[in-house]
Amino acid sequence: MTVSPHSKAKALKPGSRRPAKELCSECGLCDTYYVHYVKEACAFLNQQIAELETVAHDRSRDLDNDLDLYFGVNQEMIAARKKEPIEGAQWTGIVSTIACEMLERKMVEGVVCVQNTAEDRFQPMPIIARTPEEVLAAKVNKPTLSPNLNVLEQIEQSGMKRLLVIGVGCQIQALRAVEKELGLEKLYILGTPCVDNVSREGLQKFLNTTSRSPETVVHYEFMQDFRIHFKHEDGSIEKVPFFGLKTNKLKDVFAPSCMSCFDYVNSLADLVVGYMGAPFGWQWIVVRNDTGKEMLDLVREQLNTQPVMSQGDRSNAVQQSIPAYDKGVTLPMWAAKMMGVVIERIGPKGLEYARFSIDSHFTRNYLYLKRNYPQKLASHVPEYAKKIVSQYKLPD
Ligand code: FAD
Ligand code: SF4
């Protein structure tokens with residue numbers, strides 16, 4: 001019997017300090033014997049997006065092409081929504097539908113996804129789903145750091161050879177780095193964009209400070225109409241304008257990993273399903289390579305689609321948001337609502353809204369890194385992010 005190097009390593013104990021220290025996003029890799037590869041694989045210890053793009057997509061993004069610069073390697077981009085949405089999914093359930101189809105057609109033997117615990121609807125519980133029912137039980141975002149990769153040891157033990165993994169950028173970066181060690185014949189990766197994630201305690205603080213009824217929130221999203229939409233248990237929707245957020249109280253809510261992340265668009269997934277580049281009510285799909293196309297083709301007939309569009313100019317709104325966030329300015333609610341209405345009418349839409357969101361987060365995160373981890377600035381910020389940030393004037 002051959003002994004692989006990782007089989008000699010041991011998972012770190014739950015709750016023990018992780019190699020990335022406070023920047024750890026709890027991606028789950030260190031909960032397995034694949035911790036052996038952590039120095040190379042961890043998204044926060046060894047940013048290597050351009051190199052891994054070349055491995056995953058045969059090329060890294062072209063910084064002179066605006067679509068590549070912002071959204072990563074892409075061969076197709078569309079807006080879509082399910083003709084028959086899945087009740088209770090985050091949006092229309094395109095992610096869950098693709099995963100169910102792949103299991104039903106026996107393209108994969110398992111799907112890594114994240115359900116919640118029985119006690120807490122927001123407490124993530126990663127699993128390897130083997131049936132569509134188990135996939136559907138993982139629908140809807142768990143808006144908390146989730147150790148999706150903590151099931152990696154089970155993959156090798158189960159003898160599975162064909163696998164789909166659903167995950168966010170930091171999980172997928174670590175996964176790509178150890179992909180060759182997993183002994184799989186085929187790995188499919190279905191990603192979602194991700195930003196401003198929080199620990200379970202951070203989520204509670206966010207809900208308590210922002211929602212009128214924190215205990216009844218079932219899901220929420222930062223929407224393209226510049227408002228957060230909280231969906232409550234009774235089906236009602238509460239809308240809070242971004243500009244009315246109590247930024248001074250919320251400054252330390254987002255996880256340090258997410259404050260220093262520049263992989264909003266999940267650069268290394270084969271297929272990405274989000275919403276921010278699409279008109280309100282639609283999902284936004286980025287096909288990065290042929291594997292991603294194969295996955296999307298499975299469900300095309302179940303979708304209404306339209307081409308992506310782009311409208312408006314984000315630049316001023318981004319530039320103005322930089323000092324406002326930096327100083328923790330909070331507008332009175334009436335002013336925030338008014339600003340929300342004006343911006344919704346004349347503000348950026350479609351891909352330009354996505355660029356607005358990327359620019360605002362990258363400038364904020366660049367400043368965070370510069371102030372808190374200046375020694376990491378050069379190596380941790382990818383070249384595309386440096387180029388995006390350089391369009392703006394940042395405070396010292
Ligand atoms: P569903 O069919 O409801 O399936 C959701 C899938 O997400 C499930 O398979 C589940 O396993 C997986 N999942 C849930 N929580 C997590 C988690 N914490 N970590 C990893 N996987 C998880 N899109 C944007 O365009 N802009 C954003 O700013 C943005 N922020 C996001 C922040 C977070 C924390 C997450 C998890 C997603 C975010 N998305 C964002 C993606 C978007 O909200 C939807 O998840 C996506 O459009 C898929 O919707 P759906 O109805 O097809 O998903
Ligand atoms: Fe380990 Fe993942 Fe944390 Fe990095 S982010 S230290 S790989 S658990």
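**Reading strands, turns and a ligand shell**

Tutor: Five bridges join strand 6 (residues 217-222) to strand 7, which pair in the antiparallel sense. Two strands count as paired if DSSP finds at least two bridges between them, and the strands (E, at least two residues) and helices (H or I, at least four) are DSSP runs numbered from the N terminus. This is a predicted model, in which local features need pLDDT of at least 70 and side-chain atom pairs count only at pLDDT 80 or more, while totals for chains, interfaces and linings use all residues. Residues are numbered from 1 along each chain as its sequence is written, chains are lettered from A and ligands numbered from 1 in the order in which they are written, and side-chain values use heavy atoms, without hydrogens and water.

Student: Which residue in strand 7 stands opposite V217?

Tutor: The residue opposite V217 is H232. Strand 6 and strand 7 form a hairpin with four residues between them, and F226 in that turn has a positive phi of about 65°.

Student: How many bridges pair strand 7 with strand 8 (residues 237-241)?

Tutor: Five bridges, again in the antiparallel sense. F230 has E238 in strand 8 as its bridge partner. The hairpin of strand 7 and strand 8 has four residues between the strands, and G235 takes a positive phi near 90° there.

Student: Why is strand 7 (residues 227-232) said to be largely enclosed by the rest of the structure?

Tutor: Buried means under 20% relative accessible area, exposed over 50%, and partly exposed in between (1.4 Å probe, protein chains only). Strand 7 is described as largely enclosed because five of its six residues are buried. Strand 5 (residues 186-191) is mostly covered, with five of its six residues buried.

Student: Which strands does strand 5 pair with, and in what direction do they run?

Tutor: Strand 4 (residues 162-167) runs parallel to strand 5 and is joined to it by six bridges; K186 in strand 5 is the bridge partner of R162. Strand 9 (residues 271-274) also runs parallel to strand 5, over two bridges, with G191 opposite V272.

Student: Which elements make the β-α-β unit, and what is its handedness?

Tutor: A crossover is right-handed if, with the strands pointing away from the viewer, the path from the first strand over the helix to the second runs clockwise. Strand 4, helix 7 (residues 169-178) and strand 5 make such a right-handed unit.

Student: Is K106 buried or exposed, and is D196 buried or exposed?

Tutor: K106 is exposed, because its relative accessible area is 69%. D196 is buried, because its relative accessible area is 10%.

Student: Which residues are around ligand 2?

Tutor: A residue is near a molecule if one of its heavy atoms lies within 4 Å of it. The residues around ligand 2 include R18, P19, C24, C27, C30, C42 and F44. The shell divides into nine nonpolar, two polar and one charged residue; Ala, Val, Leu, Ile, Met, Phe, Trp, Tyr, Cys and Pro count as nonpolar, Asp, Glu, Lys and Arg as charged, and the others, Gly among them, as polar.
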